[in-house]
Amino acid sequence: MMEALKVLVKNGWSGKLLGVLPTFFDEQTSESRDTMKELQEHFGSSLLDPIHRATILREAPAEGKLVYELDPQHRATHEYYALSEYLIKYS
């Protein structure tokens with residue numbers, strides 16, 4: 001990811017980084033925990049809350065529905081809602 005940002009800047013990108021969004025996060029695996037730690041070290045306060053790995057995130061598009069249509073109380077629904085609130089607030 002860092003390389004992609006370097007390429008963008010090198011090619012004249014003048015945008016603003018709103019944050020870094022970890023996805024497919026699974027707190028039960030050491031790989032996910034290690035990745036989050038590394039991202040925190042590199043991006044600090046720019047690191048957004050992760051979107052956890054969830055079956056509903058595969059089921060919703062397969063059924064042609066939004067996550068909140070399948071389960072408004074699911075953790076993934078709340079995580080994406082929080083992300084949309086953040087994007088509205090800071091973009």
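Analyst: The turns below go through the labels one by one. This is a predicted model, in which local features need pLDDT of at least 70 and side-chain atom pairs count only at pLDDT 80 or more, while totals for chains, interfaces and linings use all residues. Residues are numbered from 1 along each chain as its sequence is written, and side-chain values use heavy atoms, with hydrogens and water left out.

User: What makes Y86 and Y90 an aromatic pair, and which kind?

Analyst: Rings of Phe, Tyr and Trp (its six-membered ring) pair if their centres lie within 6.5 Å; planes under 30 degrees apart are stacked, over 60 edge-to-face, and the rest tilted. The count by this rule is 1 aromatic pair. For Y86 and Y90 the centres are 4.8 Å apart and the planes 45 degrees apart, so the pair is tilted.

User: Why are Y86 and Y90 separated by about one helical turn?

Analyst: Helices (H or I, at least four residues) are DSSP runs, numbered from the N terminus. Helix 5 spans residues 75–90 and holds Y86. Y86 and Y90 are 4 residues apart in helix 5, which means about one helical turn between them. Y90 counts as partly exposed because its relative accessibility is 40%.

User: What does Y86 touch beyond residues up to four places away in sequence?

Analyst: Y86 touches L18 and L48. The side chain of Y86 also reaches the backbone oxygen of L18 at 2.4 Å.

User: What makes a set of residues a nonpolar core, and which residues form the largest?

Analyst: The members must be buried Ala, Val, Leu, Ile, Met, Phe, Trp, Tyr or Cys, joined through side-chain atoms within 4.5 Å. The largest nonpolar core has 6 residues: V20, F25, M36, L39, F43 and L47. Apart from it lies another core of 5 residues, including I56, A60, V67 and A76.

Key
Buried < 20%, exposed > 50% of the residue type's maximum accessible area, 1.4 Å probe, protein only. Helix = DSSP H or I, 4+ residues; strand = E, 2+ residues; numbered from the N terminus. Contact = heavy atoms within 4.5 Å. Polar contact = N/O pair within 3.5 Å; in protein donor to acceptor, adjacent residues only side chain to side chain.
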